[in-house]
Amino acid sequence: MSLDFEIAKPEPKRGLRDVGPELPSQVILPGPQSLFLSETVDALDEGSHFLDPLKLEEWAILRSHGRQLAFSAGETIFTQGDRHGGVFIIERGSVRVFYSAPSGREITLAYWTPGNFIGGPEMTGGGTHIWSGQALDDCEILFLPGSVLRKLIVELPNFALCLIQGLVSKGKSYSAMAQMLGTRSVIERLAQFLMNLGKLHGVRDGHAVIINAKVTHDQIAAMVGSTRQWVTMMMKRFQKEGLLTVTPRHIRIERPHLLMAMVSKGGA
C-alpha cells in the first residue's frame, strides 16, 4: 500500500477507549517486496523482475543447469569471506543480506524477496563474498554456479541481457543506500525509514499512519547504520515530542507532516 504524506494539522489526542481502524494481518519485514535504505519506495522491487523477459524454454534451460536448494528460517545461505561460487535466485521466501564490520557491528544492506538474485557483486565465481545472506523464512533458491553462468551467457543472449538488467537494478539499490549513508544524518535516515515503512505497510487513521509491520529496534538500527540503544533513545524522544506512539505491536506515526519536515530540513 502506498500512502502520500500530506501536510495536515495534527489530529486531537484520542482517548484510550477510542477505536482505531481494523488492521489486516501484521506484516513481517520485508513484506511482499524488497526493502533497502532509500529516499523513495518507488523502485524497491525493480530487481525482482529482471528475469521476466525469459521465454518458457529459456527458463527450462536455466533450471536444468542450476541446482535447487532449500534453506530453513535463520539458516545461512552464504557467508562474508567465503569463496564465491555463483549466484542464487530467490524463488520462495525472503533473505537478509548484511555486512559485518571487524567490530562485530552489522549493517543490513537489503531484504530481498522472490525474483531477486543474491550473492553478487561477483557473478561467475572467484574471489570471496563481501557480505552475508541469511534466510528470514523457509526459502527455495535456484543456485547457478559460475561455470554455468558463463555457459548460459554465451548460449542464451536473452539471459545475458536479463543479467545486465539485474546488475543495473542492484547497482541502483546500493547507490541509493550509499547516498543515504553519505548525505543524510542518522536521525534523517531514521525518519526516512519510518516514512518508507508507513508508505509500504501503513494504514490511515485520520491524519496518523499505523505501520502495520513487525519491526524491532535491532532491525531499524541495522538499516539506518546505528545502534539499538540509539534507536531506542530516539524513538522515546519522538514519542515525547508527539511524533510517534510505540506499542508492543505497532508504530503509529502521529504527525507524518512533522516527520517529513525532519527529513526535508535536515533533521533536528
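1. Helices (H or I, at least four residues) and strands (E, at least two) are DSSP runs, numbered from the N terminus. By this rule, residues 184-257 are 53% helix and 22% strand, and the end C-alpha atoms of that span are 19 Å apart. UniProt lists these residues as "domain: HTH crp-type" in an unreviewed entry. UniProt positions are given in the numbering used here, feature names are shortened, and annotations may be inferred rather than shown by experiment.

2. The model is predicted, so local features need pLDDT of at least 70 and side-chain atom pairs count only at pLDDT 80 or more, while totals for chains, interfaces and linings use all residues. Residues are numbered from 1 along each chain as its sequence is written, and side-chain values use heavy atoms, with hydrogens and water left out.

3. The unreviewed UniProt entry also places "domain: Cyclic nucleotide-binding" at residues 50-153. This span is 17% helix and 39% strand, and its end C-alpha atoms lie 15 Å apart.

4. The domain assignment gives domain 1 (56-182) and domain 2 (184-264); such bounds come from an automatic or database assignment. Taken over C-alpha atoms, the centres of domain 1 and domain 2 are separated by 29 Å.

5. Where do the two domains touch, and how many residues are in contact? On the side of domain 1, 10 residues are in contact (heavy atoms within 4.5 Å) with 10 residues of domain 2. About 800 Å² is buried between the domains, with carbon and sulfur atoms giving 57%. Buried area is the accessible area (1.4 Å probe) that two parts lose on being put together, summed over both. Arg105, Tyr111 and Met180 supply 56% of the area that domain 1 buries against domain 2, more than any other three residues. β6 (106-112) and α3 (157-183) each supply at least two residues of this side of domain 1.

6. The residues on that side of domain 1 divide into 4 nonpolar, 3 polar and 3 charged. Here Ala, Val, Leu, Ile, Met, Phe, Trp, Tyr, Cys and Pro count as nonpolar, Asp, Glu, Lys and Arg as charged, and the others, Gly among them, as polar.

7. Between domain 1 and domain 2 there are 0 salt bridges, whereas the whole structure holds 10. A salt bridge is a side-chain nitrogen of Lys or Arg within 4 Å of a carboxyl oxygen of Asp or Glu. One of them joins Glu91 and Arg63, with the closest N and O atoms 2.6 Å apart. Glu91 is in strand β4 (residues 86-92) and Arg63 in helix α1 (residues 56-65), 28 residues apart.

8. Most peptide bonds are trans. The bond from Leu29 to Pro30, however, is cis, with omega near 5°; Pro30 is in the loop between β1 (27-28) and α1. Gly120 and Pro121 are also joined by a cis peptide bond, with omega about 5°, and Pro121 lies in the loop between β7 (117-118) and β8 (132-135).
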